[in-house]
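Colleague: I'd like to learn how to read a few features in a model like this one. Could you take me through some?

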Amino acid sequence: MPRLDINDQAFELDNHPLFFYGGEVHYFRMDPSQWRDRLATVKGLGINVVSTYIPWLWHEPEPGLFDFTGHTDPRRNVVDFIALAGQLGLMVFVRPGPYVMSELRQEGLPDWLLDLHPEIIALDSQGRPHPTRMVTYLHPTFLSFVDRWYAAVSEVLAPYFSHNGGPIILSQLDNEVGMLHWVTMMPDQRPDIEKQYQDFLANTAGSAPYGHSDYLQRGVFWREYRAQYLAHLSGQSQRHGWPSPYIINVHGFRDYSIYSRGNDYPIGLSQLFEARHVPGAFLGGDFYPGRVGYDNFHDLALAVTYTAATNAPDAPLFSPEFQSGRFQDRPHIDPSDLDLAARVSVSYGLNGLNWYMLAGGDNPGDIGLFGPRHEWQAPIASDGTLRPSSQVVAHLGALFGTYGSTLAQTKPVTDIHIGFYSAYYLTENPGNPEQAAILQEIVSERDNWHFDGIYRILIAANLTAEAVAVDKEESVLDPERIPVLWVATCRYMDARTQERLSAYVQDGGTLIIGPRVPEWDLAGRPCRILADTLSLPKTTAWAQRGLATILDVSSVFCANYGTLAESATTEVLGRITRGESQGAIITRQSVDAGQVVVMGCALPDLYQYYHDVVRQLAQAIGCRLGLTLSNASLHATRREGPSGGFLFLHNLVETEQSTTVSLAGNAWHDALEWDVTVPPRSGLMLPYNRVALGHTSIQVMQTDAEITLDAQSLVIHRGVHAGHSKLYTQLASQIALASGQATIEYANRHVTIQWQEDGQAQPIILQFGRNDSTVQDPSVVADILAEGSR
């Protein structure tokens, strides 16, 4: 019986590392006669887990009338669907709601529930039903029906739980809790909710985590309220024996025509900040970036690392809904969008993703919010044919199938830590007019100067950033682990977080803050703990449109900047030389055992040269950058662990890009260098430092092209340009060229495969066999596969 556990931000299946590679297939959206074919196709794409909602409105169409076996409609036979998935060797991830969204009526709740029990519907401030007809999560009547629903689902699915020998290894608690509050900017304002809020205020008097501002207090109240609701669902899941861990999925990507954006995704994380404490559960992000390009790929990198910072330290990095298309047919999602989104996310530490939707279908009966169609631009069309995007799913499946267990044991190599301050995203409650003005300033600066400003520049400049939740009490700001911490700040920050950052510097850390130095708490009251404790220079003027010299780079355009008072204790790293107000804008000073840099200028990512400036600045303040590229148009990261490393290269533009990649040596490997060409809008995942090829004894030392394992063959997915791959195995001479233009050299258990530029880009296939024979020798194959590392 498979058992899913979590360890060090990854999944383990029966104590073996697992890269979770799932796909969403809705049994109720296709005829049961199609299930076997669709599931077989799914498995053929390299998927190891099939995921599905179990919609409440579909399985209890009338009060008390449950059907999970198809006696009222064959499409309700979820039991057979799950059993069939298990028979085909697929594990199962189930999502029973109660909310499922999924373009279903009432987001998946039965109509009769809301019609017969209108008392559970949330209200606005005027006492009118909430425009979405969302429910009051903790209403006792609603919870009683939820408990009955969980009991009914559990009774029929219990034999298929993994600890009972079945394929169900993971389940979800509800779906995108708080999303309807966010998109409508309207919380539940029932009188009893307001009474609970007033009780909350009374209980937190004198101990409010962010001070006593109404908009923040309401946000904190709702954080705890949602966590209580999810804890109730977790309790029901545990009571009925659902396999844990339980996933709580986070909303926040928002459509902007062809692009979706993740700059609002931290709002979802902030709303569910306290849900990290729900027993047996962890947070996972729903990632829908739309068209992926140079202008928005940082959304995914920040979403992954912000999720890691918010979660418990051990929680796996997982996306339960990862974009494979869109519900509408326009704008169109290209295969390259799937490919780049997955590669960027995995390069930043994602250890599992679930394509949503993997297979299209239709809505039975009248349950579809937009009628019967539900095609989703899915890689597997509703008629079973494969769209071009399925080739991306299959190739990534081959990569994860070959290296998944090793990949899950690696982590991104961090160049710099950045601060995730969740209070800047508690913005769904506008508060009074004075606080609304504070809120407006915070939202503008966090979006333009932080998310799309300095944090975007750091990522685009190929500094791998790891986020730290600076306002999470259990986050330890240890300078030994976090030598350099860059926290993008506004004028507002709560006292406790200011104290934590001050202590970090005094203990020996290097802190970079700005563009604004916090001088007020989040309610707008004076609060200069950080500035006074660290004796930070005061801002003498705030101006727009200046030219600066930063380090030795001149004419750096600063759209917004603050000039800083200079003293004998400050070192000036940047100065305005032409503008409305001239003077220092970047200063550094020592404080006790640490140092603090005030970055007094806002750099929205408008110019490519910003990236060079920020790289130089990072190095000047103590960052050791181990990865350099000769071509700044490419994005690169790396993951490393005790079993090897992976270099990730991403070309997000429409033209071919070539580069020399230099990787500094460390305790795990010597210095390495690659000369690589990356085709337009594509990426590479290149193993190095003795990464095992699947379960064979063959290890990849270094390669210029991706390599996958296909049954008894190795496939080198070469491009049109020259390159080489270097392998290691005890039986090196037993590897022979089967097809493709290449030469092979054998020396000291190393195999070097070299290919020249030829314009064909045909894959190079190597077989496990004697190099003097074209006939595969099964005994030799067995020897190589069993050789191991002895």
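This is a predicted model: local features need pLDDT of at least 70, side-chain atom pairs count only at pLDDT 80 or more; totals for chains, interfaces and linings use all residues.

Modeller: Let's start with Ser 682, which lies in strand β32 (residues 682-688).

Colleague: Why does Ser 682 count as buried?

Modeller: The cut-off for buried is under 20% relative accessible area. Ser 682 counts as buried because its relative accessibility is 13%. Leaving aside neighbours within four places in sequence, Ser 682 is in contact with Asp 339, Leu 340, Leu 649, His 650 and Asn 651.

Colleague: How should I read a pair of packed helices?

Modeller: Two packed helices are described by the angle between their axes and the distance between the axes. Here, the axes of helix α10 (residues 297-310) and helix α11 (residues 335-347) cross at roughly 35° and come within 9 Å. The crossing of α10 past α11 is right-handed.

Colleague: Which residues make the contact?

Modeller: From α10 they are Phe 297, Leu 300, Ala 301 and Val 304, and from α11 Ala 341, Val 344 and Ser 345. In that contact of α10 with α11, six residues are nonpolar, one is polar and none is charged.

Colleague: Which residues of α14 are buried?

Modeller: Thr 497, Gln 498, Arg 500, Leu 501, Ser 502, Tyr 504 and Val 505. Their cover includes β18 (465-469) and α15 (529-533).

How values were computed. Residues are numbered from 1 along each chain as its sequence is written. Side-chain values use heavy atoms; hydrogens and water are left out. Axes are lines fitted to C-alpha atoms, for helices over the stretch in contact, and angles run from 0 to 180 degrees between N-to-C directions. Helices (H or I, at least four residues) and strands (E, at least two) are DSSP runs, numbered from the N terminus. A crossing is left-handed if the near helix is turned anticlockwise from the far one by less than a right angle, and right-handed if clockwise. Contact means heavy atoms within 4.5 Å. Ala, Val, Leu, Ile, Met, Phe, Trp, Tyr, Cys and Pro count as nonpolar, Asp, Glu, Lys and Arg as charged, and the others, Gly among them, as polar. Buried means under 20% relative accessible area, exposed over 50%, partly exposed in between (1.4 Å probe, protein chains only).
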